[in-house]
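Dear colleague,

I am passing on the structure that follows, together with notes on what was found in it. Please read the notes with the coordinates open beside them.

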Amino acid sequence: MTTDLLPVTDRTQVHRLRDRQVRDRAMLNEILDTGLVAHVALCLGGEPVLIPVAYARDGDRLLLHGSTGAGLLRAAAGGAPIAVAVTHIDGLVFAQSMFHSSMNYRSAVIFGTAQVLDGADRLAALHALSDHLMPGRWDEVRQPTARELTATLVLALPLDEASVKVRTGGPSEDGEEIGAWAGVLPLRLQTGEPILAVGISADVELPDSLLTLRRRLSTKRQPT
Ligand SMILES: Cc1cc2nc3c(=O)[nH]c(=O)nc-3n(C[C@H](O)[C@H](O)[C@H](O)COP(=O)(O)OP(=O)(O)OC[C@H]3O[C@@H](n4cnc5c(N)ncnc54)[C@H](O)[C@@H]3O)c2cc1C
């Protein structure tokens, strides 16, 4: 059972600039729902390993998937504790010294042990993953075969232990300003022109999934 306030544990306590730690679970959900890539880290054979993957949030759990041959996911499926980060870079902060120059961001780090999903749960999770990246695409293409499903590992990580850190606003200064331009250059993810695959007629209309995603990215909330 999750609460609206993220609990702070020994692992999720932000140490530097603690006022940037956000405990509102709604912010965690927003970061996860509007991000596209998660970085998953774990310790494999005593060595740190970090892999970028797609993901989706399903209520109070994070869904991950990949090939049954993928080393890091296999280790996670075997019960290895993982840490997952999702990061949005909202702007570059130009201060009047490099020391105070910074980035505006919203980032989340989640700790836990993932559970392997099977059967109908696995199928529903794959549907959710596809909806996160390409909303509605599941119904526009052929359904997965039994062989494809067998080759796909699907994991669910509870969103029980997570931290969120957010930086917004302009540069911090220290009284030694020299009058150089200072401020924020906002950054955002944009879509380009769709590129038709070889062998597909130009008469085939752009799918709703692509149009929905394009609309979603172009109207994304822009933090200051
Ligand atoms: C895009 C981006 C660029 C950054 N660039 C730098 C940089 O160049 N140098 C630098 O020192 N810091 C940078 N940071 C901040 C960095 O992520 C840490 O917050 C910072 O190193 C201070 O960590 P700490 O000592 O407070 O926490 P640590 O002791 O390192 O971590 C304790 C716990 O705090 C939580 N936590 C810490 N940072 C974050 C975070 N960003 N998001 C969510 N949870 C977090 C985690 O749960 C972590 O386990 C950047 C952050 C982002 C998102």
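Which residues make the nonpolar surface patch of about 570 Å²? The patch is made by I89, L92, F94, M103, W181 and L185, where a patch consists of residues with over 30% relative accessible area and no salt bridge, nonpolar side chains (Val, Leu, Ile, Met, Phe, Trp, Tyr) being joined within 5 Å and like charges within 9 Å. Accessible areas come from the Shrake-Rupley method with a 1.4 Å probe, and for residues only the protein chains shown count as cover.

Before the details, a word on conventions. This is a predicted model, in which local features need pLDDT of at least 70 and side-chain atom pairs count only at pLDDT 80 or more, whereas totals for chains, interfaces and linings use all residues. Residues are numbered from 1 along each chain as its sequence is written, and side-chain values use heavy atoms, with hydrogens and water left out.

To return to the patch, its largest share, 3 residues, comes from strand 5 (residues 82-94); helices (H or I, at least four residues) and strands (E, at least two) are DSSP runs, numbered from the N terminus. Leaving aside residues up to four places away in sequence, L92 touches S102, M103, G183, V184, L185 and L187, a contact being heavy atoms within 4.5 Å. The C-alpha atoms of L92 and G183 are separated by 8.5 Å, although these residues are 91 residues apart along the chain.

The next topic is the salt bridges. The structure holds 7 of them, each defined as a side-chain nitrogen of Lys or Arg within 4 Å of a carboxyl oxygen of Asp or Glu. R106 forms one with E30, the closest N and O atoms being 3.3 Å apart, and this pair links distant parts of the chain, since R106 is in strand 6 (residues 102-112) and E30 in helix 1, 76 residues apart. R106 is buried, with a relative accessible area of 2%, whereas E30 is partly exposed at 24%. The side chains of R106 and D90 also meet in a salt bridge (2.8 Å, N to O); R106 lies in strand 6 and D90 in strand 5, so the pair ties together parts that are 16 residues apart in sequence. Both R106 and D90 are buried. Another salt bridge joins the side chains of R142 and E148 (2.6 Å, N to O), with R142 exposed at a relative accessible area of 56% and E148 partly exposed at 33%. Salt bridges that share partners join E30, D90 and R106 into one network.

Finally, helix 3 (residues 119-133) has 15 residues, which at 1.5 Å a residue should span 21 Å, and its end C-alpha atoms are 22 Å apart, which agrees; the expected span is 1.5 Å times one less than the number of residues. In helix 3, R122, A125, L126, L129 and H132 are buried. These residues cover an arc of only 120 degrees around the axis, which puts them on the same side of helix 3, the arc being that of the directions from the helix axis to the C-beta atoms. What covers them includes helix 1 (25-34), strand 3 (55-58), strand 4 (61-67), helix 4 (146-150), strand 8 (152-158) and helix 5 (208-218).

With best regards

Conventions
Buried means under 20% relative accessible area, exposed over 50%, partly exposed in between (1.4 Å probe, protein chains only).
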